[in-house]
Amino acid sequence: MSTVALLVILDLVVIALLNVAFNYAKIKAQEEGTAEMAEMAGIIRSGASTFLKTEYRTIGIVVIVLAIILALFIEVTSGITFILGALMSSIVCVLGMRSATYANVRTANKARSTLSIGETVKVALCGGSISGLSVQACGMLGLVAVLLIWGVDHSAEGQGLIGGLHCNPSIMRISTYSLGCSIVAMFNRVAGGNYTKAADISSDILAKLRHDMPEDDSRVPNVIADFIGDNVNDIAGNCSDLLESFVATMSASIMIAVTIYIGSTGISEATFNATIIFPIVLAACGLLSCIIGLGYGSLHKMGSNPSKELNMATYISSGLTVILGLVACYVIFGKVDLYDDFAIGWISPWVSAVLGIVSGVAIGMITEYYTSTDFSPTKKLAELATEGEAFVITKGDAIGSRSCLFPILFIGVSLFISGKICGSYGIAISALGMLSFVGATVSIDAFGPIADNAGGIAESCHLPSNVRTITDKLDAVGNTTAAIGKGFAIGSAAFATVSLIVAYVGNYTEAGVEPVLNMASFVVVAGGVIGGALVEYFSAVLTDNTIDSARIMADEGDKQLSVPGVIEGKVKPDYNKLIEMAAKEALRKMLMPSVLAILIPIVGGFLFGAEFVGGLLVGATICAIPRAIFMGNSGGAFDNAKKYIEGGFLKGHGKGSAAHKASVTGDTVGDTRKDVVGVALDIFIKMMSTVANTLASVFATIRIIK
């Protein structure tokens, strides 16, 4: 493996982080606006920071305990790499959340001071780019550090300080680095989802259904907790989620390269090194492309169509990744012996990567079609709101189910072709291709909650209607970008999980034996059936937790609105009480589902062995992917159908009408789907797969029931 190449990549990572620092300083240097806006932004920033600090006390304890166990019983240095993964994920969460809570009020103020959509979009995108570039840069930074310090040795053996388990330390370090990222992502998604949706649902119930008040009205005590939740889940949670997927695909590519080399004969060390370095170089090509694509968005003069401008940044980033990836593939594989699996020569890995990139862009476009107010599915859903809640829910479910086919078709075809032309290595590279420009996709996804918060601040601080018109337009675009981001997160999780499953089977298969998971085996089938059922159980737990928290918060908000002077706007409600309640409920209910994802493969592996866990992973993945897409897209359609009516596009049925109230009911149902269950399911399957990879050699040697 080329140390020089890794050092060059490290330099690029540093450049990206300097870009992040520059944008962060640029955002902070801008004015916040009126005193009321600055006060509101300060409350949001303080509440989000307090929640993360409290959450990380729990996460820190879990990380330290697991790191000690890994170092003692699995592999000596794996505890260090596990902590490194958790640290990288935590850094991007804090950076993303802090930048968003500075950018939200500055976005609102830019709309107030310029009345220009183009200038306002630039501020929100600049804030989002801090999240996106830090995700890709930090994910690479940790993995490059692991490779530079320890390298990759296909023949080494290691064991824990007191444990007798023999394993390949290179695979274990990479796997535990990915696992560290997964742990933080799971806690953030579960806790953040509960926080934001309990606050959002309770706020909507109070304002729109019980008291006929405007959305984001500062008299509603739950509104500020809702603003905070946008940052806690849609920014911090999404950053850790996509970083984990990105790291998982790079890790799976390297682990598969090691297992292929061990099981092959007559392959040179140069070929092995090429397969190890290519995933990192491809990711570096994507990072450079994202810097250029996002730079274009910040430098050129933007027009009045935010969607077009944001899409252009994505197209530039993905297009440059394709071109640079081709050059990198030729340089790395053009002059070395190739594996038999490389069916079309040195270009095989590049074709696999392109298939992943095309799938990522296609899934985004499909998600936009089913969730945007610019297309017929959401428009028809809004029109059916005139018939009542039952029609809204039924039609929304149909949209969600219909939207599953083509994204999964793209995923399936891409995986099939990648496997045909480049073997199991190609599957992992295809997954990495989809995430190779993750910096751009996260940046544009982060635009959504920043714009949403900006609109909320404009409403609650009583800014003029022409300012609210601009922030409303950005909010609608943000809803679509958020829906696209969730679709991308789910699609990338599907790719990442499949590559992790392939790596898992290779990790427990003996050297020289073809890695095969026998789907006809009753052990594998049993695992698959149970894995599918666990997806439904996990979804139910998350939904129950969120609804319980929302009900408690709505009742408390009602009590405060009954205090004399609050509903008249003469007395401020106790925002802090609702903020503390949302945090308390979220943190109390995050442990059980998070630990469930960790324990399921461990218990299954020790009881029934490695093949049972393989079936468990396959069954859970097959059930979770369409379930997550259904949840995300139906929820996005519900949300934008409500926005369509609120925007006055359904003549005779504006805010406060029966159709609007029916759409609010649909949005309330969709909130838990898209922002809690859908986004947590992808972490659930990735977490189980990463845990399984870490303990694959254990499951192969230790099984209680034989």
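Helix α14 contributes the most to the lining of the second largest pocket, namely seven residues. This pocket has a volume of about 560 Å³; a pocket is an open set of points on a 1 Å grid over the protein atoms alone where a 1.4 Å probe fits, with protein on both sides within 12 Å along at least five of seven lines, and lining residues have an atom within 4 Å of a point. Of its 22 lining residues, Thr373, Asp472, Lys473, Ala476 and Phe649 are the closest to the centre. The elements that give two or more residues are α8 (306-333), α14 (465-508) and α18 (610-646), where helices are DSSP runs (H or I, at least four residues) numbered from the N terminus.

The model is predicted: local features need pLDDT of at least 70 and side-chain atom pairs pLDDT 80 or more, whereas totals for chains, interfaces and linings use all residues. Residues are numbered from 1 along each chain as its sequence is written, and side-chain values use heavy atoms, without hydrogens and water.

Helices α9 (residues 348-371) and α12 (residues 405-435) pack at about 160°, with axes 8 Å apart; axes are lines fitted to C-alpha atoms over the stretch in contact, and angles run from 0 to 180 degrees between N-to-C directions. The two helices are therefore roughly antiparallel, a term for angles over 145 degrees, while angles under 35 count as roughly parallel, 65 to 115 as roughly perpendicular and the rest as oblique.

Helices α17 (residues 591-608) and α19 (residues 658-694) pack at about 40°, with axes 8 Å apart, and are therefore oblique to each other.

Methods: Points joined across faces, edges and corners; volume = space filled by probe spheres on them.
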